[in-house]
Number of protein chains: 2
Amino acid sequence: MSEPGAPNIRIVLIEPQHPGNIGAAARAMKNMGLEQLVLVRPRQFPHPDATSRASGADDLLERARTVASVAEATAGCGYIAATTARERDQYFRVLDVRDAAVQLIAQARLAPAAVLFGAERTGLTNEDLEASHALVRIPASAAYPSLNLAMAVQLVAYELYRGQGLAAPPAPANAMPLATPQEMEQLYAHLAQVLEEIDFRDRTRSGTHLMSRIRRFLQRAELDQNEANIVRGILTAVQSRRRPAGAPR
Amino acid sequence: MSEPGAPNIRIVLIEPQHPGNIGAAARAMKNMGLEQLVLVRPRQFPHPDATSRASGADDLLERARTVASVAEATAGCGYIAATTARERDQYFRVLDVRDAAVQLIAQARLAPAAVLFGAERTGLTNEDLEASHALVRIPASAAYPSLNLAMAVQLVAYELYRGQGLAAPPAPANAMPLATPQEMEQLYAHLAQVLEEIDFRDRTRSGTHLMSRIRRFLQRAELDQNEANIVRGILTAVQSRRRPAGAPR
């Protein structure tokens, strides 16, 4: 199925509004040797505009998966990167697209990786960003930094194509796969429950944003499955300690 | 007029067939801080598809120059690069787009530079290539290397934007500007005339391609104005020697 050497990287378009952009993204991917296109709730697809703009990449378009959620799109993935126009961010790790490409290629040797692209006008939600390990920044003019969706896919795909020629840092021999998005969601749910059980209140008064803050720094940590299990174990231990012996679980 | 730091580089689209690509190219340029769009015999322009795809770059689209020939588009230019899918070529200098960007930025400090893009299906003619100092290669998958026109503009513009941040080789203090396209055409016309006068026949039997062969290696030489004048002087000297004293000029 896969062209030899095609990296195991999914291009995930979230709620794309213009079917032409879907087709153009497919062509851009095929031009750069990528194969896995995933569409989350596309407004219109299939559509003649998508087919027409895909040009010789109609096979890739036909094999595109359409799913209902980002969680479904990234199921089984390790490393997840989210495209954004942000230059820097206090809470998220931000990588230049060229560095992100090298990272994605290295991680894709361990487990499927994914790059998330938001809708044309609205971009990615905070929830999408918080499911990612890093934000990918594409350098652009401050006077008009808003790239067309398919153009952004083209630039990421181009750097991924070039990055394969580079001596990417080899994966450590015993590297554990990253915790999957589902495992991370379970971890956050567990953590939220424990915080409630221990009646933790955010003393910084950031209020409802507490879980977001925690998600952001834990995503930056890029937990592997062992490490996620360790955190889960700690949470379980906290819960056990609070239960008097013999209390119902 | 120019945004400070915008390189003096023209993006020249030759006979673009789809007005949407013109608009998308304008947006790609503005995203990457380029300002000078030149259209050679566009099939349809202005056009609503161009305006719609330009999005926030409609100002750049309005200022686009429409001209009748490549010579007009590149008038007054020094360095000229031509985009192509060729990996290598026996006669032309071929530069990777990243290296070409550095070269274009350095040359644009001396005189306006230009990047030529051919029509969607047909690409550039040999005549266009022969007016260029180098071919620009955009790396792409051998399985499907044919990039959309606006995507190619996006990638070149992106590398030009990134290249400005690099320490480009400074122009030598006393560097002469490159011979302009017009000066080079005059040189080739002069040369063709002299070859005829001296009844030169191509002994390699490449027939009609002789002038093409010569153009290609002289373009690779990147003649500055002094050097072009030297060649012109030699041609004139050849002509003078052949005229008996007192013969009508």
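Below are my notes, going from the chains to the domains and then to a strand.

**Chains.** I kept in mind throughout that this is a predicted model. I started with the contact between the two chains, and I found 25 residues of chain B in contact with 25 residues of chain A. On the chain B side, I looked up which elements take part: α1 (19-31) and α7 (149-163) each supply at least two residues. I noted that α7(B) gives the most, with 6 residues. I then sorted this side of chain B by class and got 14 nonpolar, 7 polar and 4 charged residues.

**Domains.** Next I turned to chain A, which is divided into domain 1 (9-163) and domain 2 (181-242). I read off 28 Å between the C-alpha centres of these two domains of chain A. How many residues of domain 1 of chain A are in contact with domain 2 of chain A? I counted 13 from domain 1, facing 10 from domain 2. The domain 1 side of that contact in chain A has 7 nonpolar, 4 polar and 2 charged residues.

**Strand β2(A).** Is this strand, residues 36-40, mostly covered or mostly open? I found it mostly covered, with 4 of its 5 residues buried. I then checked its partners. β1 (residues 9-14) of chain A pairs with β2(A) in the parallel sense over 5 bridges, and R10(A) stands opposite Q36(A).

Key: Residues are numbered from 1 along each chain as its sequence is written. Chains are lettered from A and ligands numbered from 1 in the order in which they are written. This is a predicted model: local features need pLDDT of at least 70, side-chain atom pairs count only at pLDDT 80 or more; totals for chains, interfaces and linings use all residues. Two residues are in contact if their C-beta atoms, placed from the backbone, lie within 7 Å. Ala, Val, Leu, Ile, Met, Phe, Trp, Tyr, Cys and Pro count as nonpolar, Asp, Glu, Lys and Arg as charged, and the others, Gly among them, as polar. Domain bounds come from an automatic or database domain assignment. A residue is buried if 20 or more other C-beta atoms lie within 10 Å of its own, exposed if 12 or fewer, and partly exposed in between; C-beta atoms are placed from the backbone. Two strands pair if DSSP finds at least two bridges between them.
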